[in-house]
Each structure stands twice: as C-alpha cells, then as structure tokens.
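Please work through each exercise on your own before looking at the solution.

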Amino acid sequence: MSVLELRGVCRTHGAGAAMVEALRDVSLTVAAGELVAVMGPSGSGKSTLLNLAGGLDRPDRGAVLVEGQELAGMSRNALADLRRRRVGYVFQALNLVPGLTAVENVALPLELAGMSPRKARKCAQHALSEVDLRDCDERFPDEMSGGQQQRVAIARALIGERRLVLADEPTGALDSVTGEAVLRLLRSKVDDGAAGVLVTHEARHAAWADRVVFLRDGSIVDISGPLAQPESLLPQVVEA
Amino acid sequence: MSIRYGLLALLERGPRYGYQLRAEFEDSTGGTWPLNIGQVYTTLNRLERDGLVHPLPENEGGQRPYEITDAGRAELTLWFATPLARADRPRDELSIKLALAITTPGVDVRQVVQTQRTATMRALQEYTRLKRDDGDLPWRLVLDAMIYQSEAELRWLDHCESALVRYRPRAAKPVPEEARQHERA
C-alpha cells in the first residue's frame, strides 16, 4: 500500500495579478520502502509539495492521503497526532528548540507521543550516536556547529515509528562526506520500511532515491526510475 | 579507456601471464569492466612489438608470462605524469546536439534537455546504488568520478534550461520591406 498519495493536487498562492500556481494537478504515490526525490528549479513547487504531503498546508483541489487516510477529513487533533508520530520532517530551517539539549530535542517527539522520559532519552542517545554525535548529547543548539545542528534535526526526524519521512535539502549545511552519511541514514530508514520524499536541487543527493520526479512550473515533467540494463553505463575498455 | 596502460601498470608489479592480467584488471575495477582474453593477448602482442613488454619462457602450466621493459616503464611513468587533455577525449556529442537543437526549427529544446536529464539522472542513480555496497577505495573512487561527471552534466543541463528560458533568437535576416507591407495588408 502506498504510504503517501497525492491525487490531482492543485495549490495556488496569492490572488489576482500576484497569483502563482505552485502545483497544477500533481499526482504521485510513494510506497513503503521507497525513496522519491523531487527536483526542479526554484519556484517549481518542490517545497509546496512537501508541505502538502506533511499536512502543513492544504490543497485547493485534489486530495492528499497518508497511509490511506485523507488529510482533509482529519480533525485537528488527529492531524497533530499523525505529524507527531508517523511523519518525520527535516526542513531547511532546523527548528531545534533552543532551550533543550541535543538529546532532549531528539527525545521530544517520543515523549510527546507518550513514551517515558527515561526510555525516550535512551532512544535519543542511540539516534544521536547513529549520526556520529554521541559526544554532543548535552549541548544546546547554540553550542553546536551548523552541521551538528543539522544532524540533530535528522536524528529527531528519523526517530521512532515514522512511516513517512519528508526532507527538504537535508544536507544543506554539511560537507560532502557528512552529507553522504545523512543520505545513507535516510536511505536505511526507508529500506527498513518507511516511505521517504527528498526535495533537493543536488543531483548527487537525488540519486539516492528510487525515483526522481522533475517538477517544472508546478507540474511533473518526467520521472526517472531504475534502469533496465545498468551495466551499459559502465565505461567500456577499448583495445590499445 | 585504453587497456594498454592498464596492462603496463599491472606488469609493473611483476611478471604476469594473460589470464592473471585479465583477472587483476577486473579486480582493480570492481569486476564491472569485463575484458575478454583476446583483448589482453592482442594488446600484449602490440606492447611486445613496441618493445614495452618482453615475453618470458613458458612455465610448467604452458603459460607465458610477460615482464615490463625499461621502455615500458618509461611509457607508464609518462602516462601517469601527463594529464588527459580534453581534446584527447571523444567530441562531446551532447553539446553539439543541443547547439543544433537550438538552431533547428521545430525542435523542442526543453524536451531535448529533459530527455537527457532523465537519462543522466538514471545513470547517476545507478552509480549511487553501486556505491551503497561498500567496496574497496579504488573502486569507490572510480564510481565517484562517474558520479561527479554525471552531476556536472546535470548542472550544465540545468544551466542550459535557465538560459533557454531567457533566449530570444536574433533575427537571421532583416525582413524585406515588400513582405512587411504585405503583412500589414
């Protein structure tokens, strides 16, 4: 079953002469165990798509379904619960809570979901060690570098029973090797059964996905899936 | 890539016979660049003709090892020391194709760009998938090279697309006065 489904979704921003059609009749499904990357120039609708998928925004037309449930039909509480337990977000703005340490930030969604603080803390410590931040447990966000904060945000997004992970340029502040480590984490979360959507303008990052969706002016113009004959890509050796 | 230098580099490690060379060449490239044994022997014959390798007596198994000569060693050193010139590589058909697409009437250039982009993205996805399985450093670096080349091509395609959005073709020839009058009528 698809974890995320967008059915003929339209979304406009603004009105009158300033009206922008951010998404025009976009349909997309993402299955469990599948990572889909969304690429496109600035203003092509990438972030709008992600906001709709996460229930942070509502479409003007069409439907968004997460695990078969249409978001428009859900109560405010049910939607909040879904965002807290089932959906993980990594956005460009990291949204770490400044008054909480790294481990408290990561444990927060688990505690909000009803886990005991002690157990949540233990899970958070494990999640931090997976992003190579075991030694930064007790630091506050302003005591960490941009890259470290980014990794805390990723640990928080991937923790718990997330069925859907939404990432908007998750490697933004990281060097290429750490960036790759983050993509590996995202990839392994998806390989463990979550569905993932990754918005990026970096082709090298999008390449970690199973499918790459190209958006232009709010519409999907193409989708790149796996190759039938991958060996044809490797350089051929010629005789001397 | 030419296997000539590949074989010289392997022979620099010590004498080897054909099957060994083939196996080691494939090992050093993660087993994904298959060589056939005929290619190996043809190349060895040419290297021998050019005085870069020297055949040794057959061993008990009937295999004839080759060793690198001083001239071969000098050739290999030169190869490592010389950067590959852009001009030595095949002409870039893609850039020529796009240049022609822009000036050929009736061609949807954005579609040409997108078709290429999807194909290059597929290749990039495949290289990345291969990289997920941890391999030896030489193989990972070979994959990285292909990853960065594909990425460069995709960036260039993005650039082409943004440039196309702003592109207004220059009028090829001024329209004759007669035709303009005809148009107004």
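This is a predicted model: local features need pLDDT of at least 70, side-chain atom pairs count only at pLDDT 80 or more; totals for chains, interfaces and linings use all residues.

Residues are numbered from 1 along each chain as its sequence is written, chains are lettered from A and ligands numbered from 1 in the order in which they are written, and side-chain values use heavy atoms, without hydrogens and water.

**Exercise 1. Describe the open sheet of four strands in chain A.**

Step 1: Strands are DSSP runs of E with at least two residues, numbered from the N terminus, and two of them pair if DSSP finds at least two bridges between them.
Step 2: The order is 2-1-4-5, with antiparallel pairing.
Step 3: At the edges lie strand 2 (20-31) and strand 5 (69-70) of chain A, each pairing on one side only.
Step 4: Strand 5 is joined to strand 4 (residues 61-66) of chain A by two bridges; A:V66 has A:Q69 as its bridge partner.

**Exercise 2. Why does the radius of gyration of chain A agree with a compact globule?**

Step 1: Take the radius over C-alpha atoms; the globule rule is 2.2 Å times the number of residues to the power 0.38.
Step 2: For 240 residues the rule gives a value near 18 Å, and chain A has 19 Å, so the two agree.

**Exercise 3. What share of the residues in chain A is buried?**

Step 1: Buried means under 20% relative accessible area (1.4 Å probe, protein chains only).
Step 2: Of the 240 residues in chain A, 51% are buried.

Conventions
Buried means under 20% relative accessible area, exposed over 50%, partly exposed in between (1.4 Å probe, protein chains only).
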